[in-house]
Amino acid sequence: MPTYDERLRELEEQLRHDDPGFAEAMSDGIPRPPREYRRRNAWLWLVAGLADLGIGIAAGHGLLIATGLVMAGAAAHLFDPQRGRLHGRNIPSTR
């Protein structure tokens, strides 16, 4: 049975493998949210989709409205921290 220190080392190596940026920030003492909580791209896609939707409504152009709705809907899926499980990656629970 592995000792407590061995289990901690294994956990540390797994963390370094899964999210090297987060592990580096932890070793430097500067907090950084894990990868599954960083949603910069999701916000960018959502803003772009809503801007496209607004322009489409203002211009009365159906294709721009449809594009904005699709982009905003697709961006909403990027906010889900568990989305990686569908593709075989094991992302830890947020609870």
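Trainee: How many helices and strands does the protein chain have?
Mentor: This is a predicted model, and its protein chain has four helices and zero strands. Going from the N terminus, the elements run α-α-α-α.

Trainee: Okay, and how much of the chain counts as buried?
Mentor: Of its 95 residues, 18% count as buried.

Trainee: Let's look at α4. Which residues are buried there?
Mentor: In α4, those are Gly68, Ala72 and Ala75. They sit on the same side of α4, because they cover an arc of only 60° around the axis.

Trainee: Why would residues spaced like that point the same way?
Mentor: An α-helix has 3.6 residues a turn, so residues three or four places apart point the same way.

Trainee: Nice. What covers that buried side, and what's on the face turned away?
Mentor: The cover over the buried residues of α4 includes α3 (40-59). The face turned away carries the exposed residues Gly62, Leu63, Val70 and His77.

Trainee: What should α4 span, end to end?
Mentor: With 16 residues (62-77) at 1.5 Å a residue, α4 should span 22 Å. Its end C-alpha atoms are 23 Å apart, which agrees.

Trainee: Switching topic: at what angle do α1 and α2 pack?
Mentor: Helix α1 (residues 4-18) and helix α2 (residues 20-28) pack at about 125°, and their axes are 5 Å apart. That angle makes α1 oblique to α2.

Trainee: Which residues meet there?
Mentor: From α1, Leu15, Arg16, His17 and Asp18 meet Pro20, Phe22, Ala23, Glu24 and Ser27 of α2. By type, the residues of this contact are four nonpolar, two polar and three charged.

Note on methods:
Residues are numbered from 1 along each chain as its sequence is written. This is a predicted model: local features need pLDDT of at least 70, side-chain atom pairs count only at pLDDT 80 or more; totals for chains, interfaces and linings use all residues. Side-chain values use heavy atoms; hydrogens and water are left out. Helices (H or I, at least four residues) and strands (E, at least two) are DSSP runs, numbered from the N terminus. The expected span of a helix is 1.5 Å times one less than its number of residues. Buried means under 20% relative accessible area, exposed over 50%, partly exposed in between (1.4 Å probe, protein chains only). The arc is that of the directions from the helix axis to the C-beta atoms. Contact means heavy atoms within 4.5 Å. Axes are lines fitted to C-alpha atoms, for helices over the stretch in contact, and angles run from 0 to 180 degrees between N-to-C directions. Angles under 35 degrees count as roughly parallel, over 145 as roughly antiparallel, 65 to 115 as roughly perpendicular and the rest as oblique. Ala, Val, Leu, Ile, Met, Phe, Trp, Tyr, Cys and Pro count as nonpolar, Asp, Glu, Lys and Arg as charged, and the others, Gly among them, as polar.
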